[in-house]
Amino acid sequence: MSDTDDLEVVPLRAFKDNYIWTLRNHRHAAVVDPGDARPVLDYLQRERLELCAVLLTHHHADHVGGVAELLAHRGVPVYGPRGEPIATLSQAVGEGDEVEIPQLGLRFRVLAIPGHTRAHIAYYGANSLFCGDTLFACGCGRLFEGTAQQMFASLAKLAALPDATLVYSGHEYTLANIDFARAVEPDNADLLARAASDAEKRSRDRPTLPSTIGREKQTNPFLRCLQPAVVASANKYLGARASGPVQVFAAIRQWKNEF
Ligand SMILES: [Zn+2]
């Protein structure tokens, strides 16, 4: 049996709505964006797993805050974006770099996806995408350090991945995002179907994640800035005609902030 045969991705909850994605096999685990050490340490102990790596997507405290305490228990490599202030980082990576986790038989490609923060990255491999606060189910991250142009390009890069790619985002924001998406595209039948199935999951306290790139392309307004219905809604919000897809994106991102 190879190490990847029994790979599982488990969501550990932290704070109000963060997910610490935990990649594990029968013996080892790696965690993505451990904002809090406690849920990770509890899980590792309960499942008798050995931590082997930490992957970070960006520097915000709710994504990196638990790293120092995890390292106090076990020294493991900490991967994260080159060019962001993360004191616990040991392996700074950027676009095109590869991250290998031999204990799990995994290899990820690093994608630079700036916009939410200046040097935000994603990890892509094993048909999975760990994209932090850039792409959410039916939404996208706020523009704290980057421009609309950057975020638009980052989302386009993710949208170009295969449709079957599993999307593991950093937060459970899906139902609120769907409410906004329905305001942008009230007649999108895929979106209506998604609203029903994701509401049902949440009613059972289940995660709506992972999503897929294909589902996001059908329902996420931030990936649909060329769709006539999205352009029309952006124009209505602006009270003017958007000059192109980046301005459409900027308009709906602004509108979402006020929604
Ligand atoms: Zn963030």
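Modeller: Just after α1, R48 takes a positive phi of about 55°, although R48 is not a glycine. Most residues other than glycine have a negative phi, and most peptide bonds are trans. This is a predicted model, in which local features need pLDDT of at least 70 and side-chain atom pairs count only at pLDDT 80 or more, while totals for chains, interfaces and linings use all residues. Residues are numbered from 1 along each chain as its sequence is written, and side-chain values use heavy atoms, with hydrogens and water left out.

R48 is found in the loop between α1 and β4; helices (H or I, at least four residues) and strands (E, at least two) are DSSP runs, numbered from the N terminus. At 74% relative accessibility, R48 counts as exposed. The cut-offs, with a 1.4 Å probe and protein chains only, are under 20% relative accessible area for buried, over 50% for exposed, and partly exposed in between.

Helix α1 itself spans residues 38-47, and P39, V40, L41, Y43 and L44 in this helix are buried. The cover over the buried residues of α1 includes β1 (8-14), β2 (18-24), β3, β4 and α3 (67-73). Strand β3 (residues 28-32) holds H28, which is buried with a relative accessible area of 10%. Beyond its neighbours within four places in sequence, H28 is in contact (heavy atoms within 4.5 Å) with L23, L49, E50, C52, Q103 and L104.

H58 is one of the protein donors of the zinc ion; the set is H58 (NE2), H60 (ND1), H116 (NE2) and D133 (OD), lying 2.2 to 2.3 Å from the ion. Donors are N, O and S atoms within 2.8 Å of the metal (3.2 Å for Na, K and Ca), and water is not among the atoms, so sites may look incomplete. The donor residues are spaced H-x1-H-x55-H-x16-D in sequence.

The angles among the four donor atoms run from 90 to 169°, and the zinc site is irregular. Four donors count as tetrahedral if all angles lie between 85 and 135 degrees; four count as square planar and six as octahedral if opposite donors are over 155 degrees apart and all others between 65 and 115; anything else is irregular.

A positive phi also occurs at D205, near 60°, again in a residue other than glycine. D205 lies in the loop between α6 and β14 and counts as partly exposed at 45% relative accessibility. P210 lies in the loop between α6 (189-203) and β14 (211-212). A cis peptide bond joins L209 and P210, with omega at about 0°.
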